[in-house]
Amino acid sequence: MSSRDRDPDGRPRQARPRDALGRPLPHGSPGGVDPIDEKPLPPVQALAEAQRLLDGGRAFSAHEVLEAAWKAAPEPERELWQGLAQICVGITHAQRGNAAGSARLLARGIGRLAPYTDLPPHGVDIRGLINWYEAHGDAPAAATPPHLTVS
């Protein structure tokens, strides 16, 4: 049996602390950010929490919130949540200095959102996210984070 941390169902869990950009730190390191609960939040709460994290410079943590929502979402919404999570990962790559990875993930995420443009669920601002991408997709780490929902 592996020494990796596991939850009660036997799924692997990451117990190492992470920095604000989601990079693992050595076990017991001080200064890591608070971990994200892996339980999915209801859609409106997931979007609000992801926005709070994005605004605080924690795109990787926002991705984790959105990934939990994606995995729990009903089939018609899975692409939406996956797209939102990919946008946050794209921003994370940019924050870490990986421009090529950032460009790929942002493009994939925006592509997943496009089908929801005419009828966006949960107040997600699809048009605003597309506009943000068009304006800042080449330098997302230098931009103000996008707004996930219509204000």
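I began with helix H2 (residues 59-72) and helix H3 (residues 78-95), whose axes come within 8 Å and cross at roughly 165 degrees. Axes here are lines fitted to C-alpha atoms, for helices over the stretch in contact, with angles running from 0 to 180 degrees between N-to-C directions. Helices (H or I, at least four residues) and strands (E, at least two) are DSSP runs, numbered from the N terminus.

I noted the basis before going on. This is a predicted model, in which local features need pLDDT of at least 70 and side-chain atom pairs count only at pLDDT 80 or more, while totals for chains, interfaces and linings use all residues. Residues are numbered from 1 along each chain as its sequence is written, and side-chain values use heavy atoms, with hydrogens and water left out.

**H2 and H3**

I put H2 and H3 down as roughly antiparallel to each other. The cut-offs are under 35 degrees for roughly parallel, over 145 for roughly antiparallel, 65 to 115 for roughly perpendicular, and oblique for the rest. Their crossing is left-handed, the near helix being turned anticlockwise from the far one by less than a right angle (clockwise would be right-handed).

I then listed the contact (heavy atoms within 4.5 Å). From H2 the residues include Phe60, Leu66 and Trp70, and from H3 they include Trp81, Leu84, Cys88 and Ile91. By class, the H2 contact with H3 has twelve nonpolar, four polar and three charged residues. Ala, Val, Leu, Ile, Met, Phe, Trp, Tyr, Cys and Pro count as nonpolar, Asp, Glu, Lys and Arg as charged, and the others, Gly among them, as polar.

**H3 by itself**

I checked the length of H3: its 18 residues should span 26 Å at 1.5 Å a residue, and the end C-alpha atoms are 26 Å apart, which agrees. The expected span is 1.5 Å times one less than the number of residues. H3 is mostly covered, with 14 of its 18 residues buried. Buried means under 20% relative accessible area, exposed over 50%, and partly exposed in between (1.4 Å probe, protein chains only). Just after H3, glycine 97 takes a positive phi of about 90 degrees.

**H3 and H4**

Next I looked up the axes of H3 and H4, which come within 7 Å and cross at roughly 160 degrees. That makes H3 roughly antiparallel to H4, and the crossing is left-handed. Among the residues in this contact are Leu80, Ile87 and Gly90 of H3 and Gly101, Leu105 and Gly109 of H4. I have ten nonpolar, eight polar and three charged residues for the contact of H3 with H4.

**H4 and H5**

H4 and H5 pack at an angle of about 155 degrees, with their axes 10 Å apart. They too are roughly antiparallel to each other, and their crossing is left-handed. H4 brings Leu106, Ala107, Ile110 and Leu113 to the contact, and H5 brings Ile126, Leu129, Ile130, Trp132 and Tyr133. I logged nine nonpolar, no polar and no charged residues for H4 with H5.

I stopped at histidine 122, in the loop between helix H4 (99-113) and helix H5 (126-136). Its phi is near 60 degrees, a positive value in a residue other than glycine. Most residues other than glycine have a negative phi. Histidine 122 is partly exposed, with a relative accessible area of 32%.

**Whole protein**
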